Amino acid sequence: MVVTRSGIPCAPSTSVDDSAKKLKKSNPEMPEMYETFEVWEAEKQTDFVKGLLGKMCHEQHWEIEMALRPFLLRDFISALPEYVSEHILSYLDAGSLCSAEAVSKRWREIISNGHLWRKLILRNVNTVEVWQRLGKRRGWIDHLYRSSDFGCDYFKELYPKIVQDLKMSNEMWRSGKPNLRKIDCASHDSKGVYCLQYDDEKIVSGLRDNTIKVWDLSSLKNTMTLTGHTGSVLCMQYDENIIITGSSDSSIRIWDVKTGEHIHMLIHHCDAVLHLRFQDGIMVSCSKDRTIAVWSMNENPQNIVMKHPLVGHRAAVNVVDFDDRYIVSASGDRTIKVWGTESCEFIRTLSGHTRGIACLQYHGNLVVSGSSDCTIKLWDVDVGAILRTLEGHEELVRCIRFDTHRIVSGAYDGKIKVWDLKAALDPRVPVKDICMRTISEHKGRVFRLQFDEFQIVSSSHDDTIVVFDFLSPHDYYSDIQPHLSPISECSSLELSDSNLHRQDSANSLDSIDDSS
């Protein structure tokens with residue numbers, strides 16, 4: 001037994017020892033040399049081998065390197081404490097985790113004991129919103145907590161089913177037939193749904209008949225009706241505490257989202273409030289009176305204070321959007337204006353539409369706008385350049401939303417169009433290849449829409465709200481068995497419950513195109 005410099009015993013491997021025995025038999029003069037080498041200290045042995053290597057040619061060096069490689073590899077995953085190995089392997093993606101399971105029985109045991117497939121699904125649920133929404137829609141998200149009912153093999157089978165489900169949902173957006181559900185709002189005098197917003201439980205809508213109606217998203221039944229406005233409810237937005245609405249009666253009203261109680265009323269604009277947005281303690285509203293108002297909010301909804309008016313448009317300001325950098329507004333004067341959110345100072349004007357602008361959304365450095373000229377334009381907000389113009393609607397483009405994958409637009413032609421955002425941003429892609437599909441379901445003008453990864457919810461002048469569901473009708477999960485784990489129960493892991501309110505707002509335009 002040889003002892004290294006660090007004092008650790010170093011015994012030759014079995015394969016090396018076998019090779020030495022064969023060499024002794026074929027070379028009778030070698031045994032004495034081996035016996036001498038074996039009694040040397042490790043340092044002397046190392047120096048001797050280094051000297052031998054210096055006497056060898058390149059081809060011999062290569063052969064020795066190949067012979068050494070197996071002895072330099074170490075299965076550190078098996079050698080480390082199991083909890084450390086679990087932690088290392090928990091960083092693997094699905095493909096790497098499959099490969100790791102095939103390395104050895106010990107690696108597979110570590111992955112199984114650590115419930116790493118379950119943890120991988122949890123990581124995606126906590127970091128990718130589409131996974132969380134799919135889990136809630138399909139019901140498997142609850143299985144992540146019922147560890148006594150579902151073994152670790154269940155989650156290994158569940159993972160590819162989720163991936164397949166998401167893939168088919170993307171295909172449904174392009175060519176599948178969505179499942180339709182419709183709400184007939186049954187307005188008595190004035191028909192039309194000007195604005196809406198929804199979350200996982202409810203749809204909140206603003207109607208032409210002066211009311212705000214709340215609908216259960218599952219049953220589509222009316223659960224609450226709010227009254228108080230003396231004009232059509234043209235725009236609205238809500239969060240977990242309050243609903244804020246704007247009306248053609250020139251007022252902004254605040255309501256309790258749970259009880260429907262009227263809390264406060266703001267009077268500033270001298271004409272219809274066409275649009276509003278609020279987030280992070282700031283609210284921005286705009287009006288037919290050609291002005292924009294920036295409001296300061298706090299936890300008390302009765303203490304919303306007007307901070308700064310923005311004046312510059314020459315016609316009704318139809319829509320606003322903002323983040324911590326810019327406030328972006330669009331008007332019947334055919335322009336988009338950009339203002340500093342903190343300073344409230346005017347920065348630049350984006351010009352390109354040939355008629356009044358009815359809608360826009362702003363996120364990151366991208367602005368997407370829709371106009372009475374029947375086109376949709378994509379802009380770089382930082383430089384004011386037009387990135388792409390989309391054509392296809394036959395009448396005024398009334399509402400528009402986009403996410404990281406798609407643009408969805410609704411128009412006065414009653415049609416909803418779905419566009420490929422990445423293709424739209426690629427100048428090499430022809431315009432004809434950007435529109436993914438056209439949906440013709442409404443019998444009147446499309447006033448408002450909102451969408452997520454699996455559905456579009458839209459409202460119309462025809463007094464209906466339609467839910468288009470693009471989740472695949474196929475059940476991918478029915479053939480997965482619970483697979484109770486014989487090793488140990490999966491540990492309880494906490495899933496962050498993000499509030500999935502869609503913080504969009506809507507507007508109704510009394511004056512789309514005003515050249516005055």
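How many of the seven residues of strand S20 are buried? The views below start with that strand. This is a predicted model, in which local features need pLDDT of at least 70, side-chain atom pairs count only at pLDDT 80 or more, and totals for chains, interfaces and linings use all residues. Residues are numbered from 1 along each chain as its sequence is written, and side-chain values use heavy atoms, with hydrogens and water left out.

**View 1. The hairpin of S20 and S21.** Six of the seven residues of S20 (residues 357-363) are buried, so the strand is mostly covered. Here, buried means under 20% relative accessible area, exposed over 50% and partly exposed in between, with a 1.4 Å probe and protein chains only. Strands (E, at least two residues) and helices (H or I, at least four) are DSSP runs, numbered from the N terminus. S20 pairs with S21 (residues 366-371) in the antiparallel sense, over six bridges; two strands pair if DSSP finds at least two bridges between them. Look for Ile357, whose bridge partner in S21 is Ser371. Two residues lie between the strands of this hairpin, and Gly364 takes a positive phi near 65°.

**View 2. Helix H9 packs against helix H10.** H9 (residues 116-127) meets H10 (residues 129-138) at an angle of about 110°, and their axes are 5 Å apart. That makes the two helices roughly perpendicular, a term for angles of 65 to 115 degrees; under 35 counts as roughly parallel, over 145 as roughly antiparallel and the rest as oblique. Axes are lines fitted to C-alpha atoms, for helices over the stretch in contact, and angles run from 0 to 180 degrees between N-to-C directions. H9 brings Ile121, Asn124, Val125 and Thr127 to the contact, while H10 brings Glu129, Trp131 and Gln132. Contact means heavy atoms within 4.5 Å.

**View 3. An open sheet of four strands.** The strands follow the order S8-S9-S10-S11, with antiparallel pairing. S8 (233-238) and S11 (262-267) stand at the edges with a single partner strand each, so one side of each has no neighbour in the sheet. On average, neighbouring strands are turned by 20° against each other, direction ignored. Five bridges join S9 (residues 242-247) to S10 (residues 251-256), and Thr245 stands opposite Arg253 in S10.

**View 4. The buried residues of helix H7.** In H7 (residues 94-101), you can find Ala94, Leu97, Ala100 and Glu101 buried. Around the axis they cover an arc of only 120°, which puts them on the same side of H7; the arc is that of the directions from the helix axis to the C-beta atoms. Their cover includes H6 (82-89), H8 (105-113), H9 and H11 (152-174).
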